[in-house]
Amino acid sequence: MRALSAYAIPLLLLVIPLYGLAKKQPVYEQFVAGAAEGIAMTVQILPYLLAMLLSVAVFRASGAFTAVAKVLAPLTETLGVPTEVLPLALMRPLSGSGALALSADVINEAGPDSFPGLLASVMQGSTDTTFYILAVYFGSVGVKRYRYALPVGLSADLMSFIASYAVCRFFFSGGL
Amino acid sequence: MLNWLWFVLLAAGVLYGAAAGSLEAVTEAALNASGDAVRLAIEMCGLLCLWLGVLRVAESSGLVDRLGRALSPLVGLLFPDVPKTHPAFSAIVMNFSANLLGLGNAATPFGLKAMSYLQELNRSKEDATPAMITLLALNTSGVTFIPTLVISLRMAAGSKDPACIIGPTALASSLGLVFALTLDALIRRRQRGR
């Protein structure tokens with residue numbers, strides 16, 4: 001599986017132009033024309049990216065995020081979920097780099113092979129940064145009304161976290 | 001909704017910062033975030049150019065068409081509103097495959113290209129279409145077989161078996177995805193019924 005991942009990109013870079021040449025296509029010119037599209041797309045995305053990173057950064061730096069996590073901590077405790085992973089669950093949909101830093105904390109503090117460390121690893125890997133994806137994807141085409149996209153994305157995150165916990169209990173501590 | 005959310009994060013940060021005496025940190029974070037956004041955008045720009053260039057080559061030779069046609073029965077199930085021969089299918093397939101392989105860098109350009117195809121089919125340009133929301137559900141669930149970043153974190157922390165989380169991660173994210181797609185389909189059907 002990991003070998004497949006290592007070969008995927010070089011293979012695409014070989015096969016796609018090769019197929020084009022076989023079909024007598026001007027592959028170099030086509031590549032350049034396609035690449036030019038990327039510049040316009042970047043310019044389109046940047047303001048959305050900035051707005052999103054700004055509000056999350058302000059929220060985190062003020063200490064408000066830690067305060068929210070502290071208020072919610074008793075909830076996870078009564079459920080029997082390790083409290084270290086709660087900030088991670090709250091951060092994961094908001095900020096990719098923020099969540100990665102929190103996972104690294106848990107993995108280093110509790111140990112990579114401890115239950116909290118394993119749970120943090122699975123949680124980090126099993127969802128993506130919902131707010132970032134929404135802002136960038138919708139921003140790139142100028143869609144302003146997201147309709148039910150946010151509730152679907154966030155409830156999927158919640159579901160993934162619950163599943164992560166159940167799966168970790170099952171695989172790493174001998175049954176649910 | 002997004003107007004509110006954005007404002008609440010900012011306002012909570014500023015008010016809490018004032019109360020807790022951390023306004024200096026708030027100022028610094030706001031200024032840094034703006035620079036970070038530009039750096040991130042420049043990094044993304046290179047990747048967007050690379051993959052949109054490759055995609056254009058694949059489109060012009062008819063490769064994308066063939067891939068899209070081969071997979072349209074499967075993808076068509078998830079995107080009933082998209083015409084069977086539409087190029088959006090191939091972009092969606094490549095976006096999803098890149099995610100599966102843990103190639104997040106390539107997934108975003110394909111995903112954004114898919115969005116622009118879906119926008120061509122959109123009749124009111126400022127409103128999200130059901131197909132767009134399904135595409136986002138596919139992406140936010142983050143289904144991946146190889147969580148490369150996490151494995152390297154675990155390796156750095158001296159884990160005895162850094163890759164042991166591959167199976168559990170794939171399982172947990174698949175459950176999340178199935179849930180998201182079910183919820184998405186239910187809401188879509190309900191809205192259409194009106």
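How close do the axes of helix α2 of chain A and α2(B) come, and at what angle do they cross?

Modeller: Happy to, and please keep in mind that this is a predicted model. The two axes, that of α2(A), residues 27-61, and that of α2(B), come within 5 Å of one another and cross at roughly 155°. Because angles over 145 degrees count as roughly antiparallel, α2(A) is roughly antiparallel to α2(B). The crossing in which α2(A) passes α2(B) is right-handed.

In chain B, the loop between α1 (2-20) and α2 (23-60) holds B:S22. With a relative accessibility of 16%, B:S22 counts as buried, since the cut-off for that label is under 20%. Leaving out residues up to four places away in sequence, B:S22 touches A:A61, A:S62 and B:G17. With A:S62 there is also a polar approach: a polar atom of the B:S22 side chain lies 2.8 Å from the backbone oxygen of A:S62. A:A61, one of the residues that B:S22 touches, belongs to α2(A), which covers residues 27-61.

Chain A has a loop to compare, between α1 (2-22) and α2, and that is where A:K24 is found. A:K24 is not a glycine, yet its phi is positive, at about 60°. Its relative accessibility is 74%, so A:K24 counts as exposed.

A:R147 is partly exposed, at 38% relative accessible area.

The loop between α7 and α8 of chain A also holds A:Y148. A:Y148 has a relative accessible area of 6% and is therefore buried. What does A:Y148 contact, once its neighbours within four places in sequence are left aside? The partners are B:P130, B:I133, B:D184, B:I187, B:R188 and B:Q191.

Chain B has eight helices and zero strands, and its pattern along the sequence reads α-α-α-α-α-α-α-α. Taken along the principal axes, the box filled by its C-alpha atoms is roughly 60 × 50 × 35 Å. Of the 194 residues in chain B, 49% are buried. Among contacts in chain B with a separation of 6 or more, 59% are between residues 24 or more positions apart.

One more helix of chain B deserves a visit: α5(B), residues 104-120. At 1.5 Å a residue, its 17 residues should span 24 Å, and the end C-alpha atoms are 25 Å apart, which agrees. This helix is mostly covered, with 13 of the 17 residues of α5(B) buried.

To return to your question, the picture to keep is of α2(A) and α2(B) with axes within 5 Å, roughly antiparallel, and of B:S22 in contact with A:A61 and A:S62, among others.

Methods. Residues numbered from 1 in each chain as written. Chains lettered and ligands numbered in written order. Predicted model: local features only at pLDDT ≥ 70, side-chain atom pairs only at ≥ 80, totals over all residues. Heavy atoms only, no water. Helix = DSSP H or I, 4+ residues; strand = E, 2+ residues; numbered from the N terminus. Expected span 1.5 Å × (residues − 1). Buried < 20%, exposed > 50% of the residue type's maximum accessible area, 1.4 Å probe, protein only. Polar contact = N/O pair within 3.5 Å; in protein donor to acceptor, adjacent residues only side chain to side chain. Contact = heavy atoms within 4.5 Å. Axes fitted to C-alpha atoms, helices over the stretch in contact; angles between N-to-C directions. Parallel < 35°, antiparallel > 145°, perpendicular 65-115°, else oblique. Left-handed = near helix turned anticlockwise from the far one by under 90°.
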